[in-house]
Amino acid sequence: MSDPTPPQTAAEAPTVARTQRFALNEDWLATAVGLLLVALVLTGVIPTGLVP
């Protein structure tokens, strides 16, 4: 069985659907971890003595 979609090459322009797709990458992971740390400090789970 062959794949009906041809493989994309680097020269092809990205499609609208491809550029508007939401991707969970390392930037979003860093944002989530940062917000979690701020929430832990604000709620007192992490003592203020540990925060520089």
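User: Is Trp28 buried, partly exposed or exposed?

Analyst: Keep in mind that this is a predicted model. Burial is read from relative accessible area: under 20% is buried, over 50% is exposed, and partly exposed lies in between. Trp28 has 45% relative accessibility, so Trp28 counts as partly exposed.

User: Which residues is Trp28 in contact with, leaving aside neighbours within four places in sequence?

Analyst: Phe22 and Ala23.

User: What share of the chain's residues counts as buried?

Analyst: Of its 52 residues, 0%. The accessible surface comes to about 5,000 Å². Carbon and sulfur atoms hold 68% of that surface.

User: Which helix holds Trp28?

Analyst: Helix 2, residues 26-43. The chain has two helices and zero strands.

User: How do I read the span of helix 2?

Analyst: Compare the end-to-end C-alpha distance with the value expected at 1.5 Å a residue. Helix 2 has 18 residues and reaches 26 Å, close to the expected 26 Å.

User: What is found at the ends of helix 2?

Analyst: Asn25 caps the N-terminal end. One of its side-chain oxygens lies 3.1 Å from the backbone nitrogen of Asp27. After the helix comes Gly44, with a positive phi near 90°.

User: Which residues does the UniProt annotation "transmembrane region" cover?

Analyst: Residues 28-51, according to an unreviewed UniProt entry. In the model, that span is 67% helix and 0% strand. Its end C-alpha atoms lie 23 Å apart.

Note on methods. Residues are numbered from 1 along each chain as its sequence is written. This is a predicted model: local features need pLDDT of at least 70, side-chain atom pairs count only at pLDDT 80 or more; totals for chains, interfaces and linings use all residues. Side-chain values use heavy atoms; hydrogens and water are left out. UniProt positions are given in the numbering used here, feature names are shortened, and annotations may be inferred rather than shown by experiment. Helices (H or I, at least four residues) and strands (E, at least two) are DSSP runs, numbered from the N terminus. Buried means under 20% relative accessible area, exposed over 50%, partly exposed in between (1.4 Å probe, protein chains only). Contact means heavy atoms within 4.5 Å. Accessible areas come from the Shrake-Rupley method with a 1.4 Å probe; for residues, only the protein chains shown count as cover. The expected span of a helix is 1.5 Å times one less than its number of residues. A polar contact is a pair of N or O atoms within 3.5 Å; within protein, one must be able to donate a hydrogen and the other to accept it, and residues adjacent in sequence count only if both atoms are side-chain atoms.
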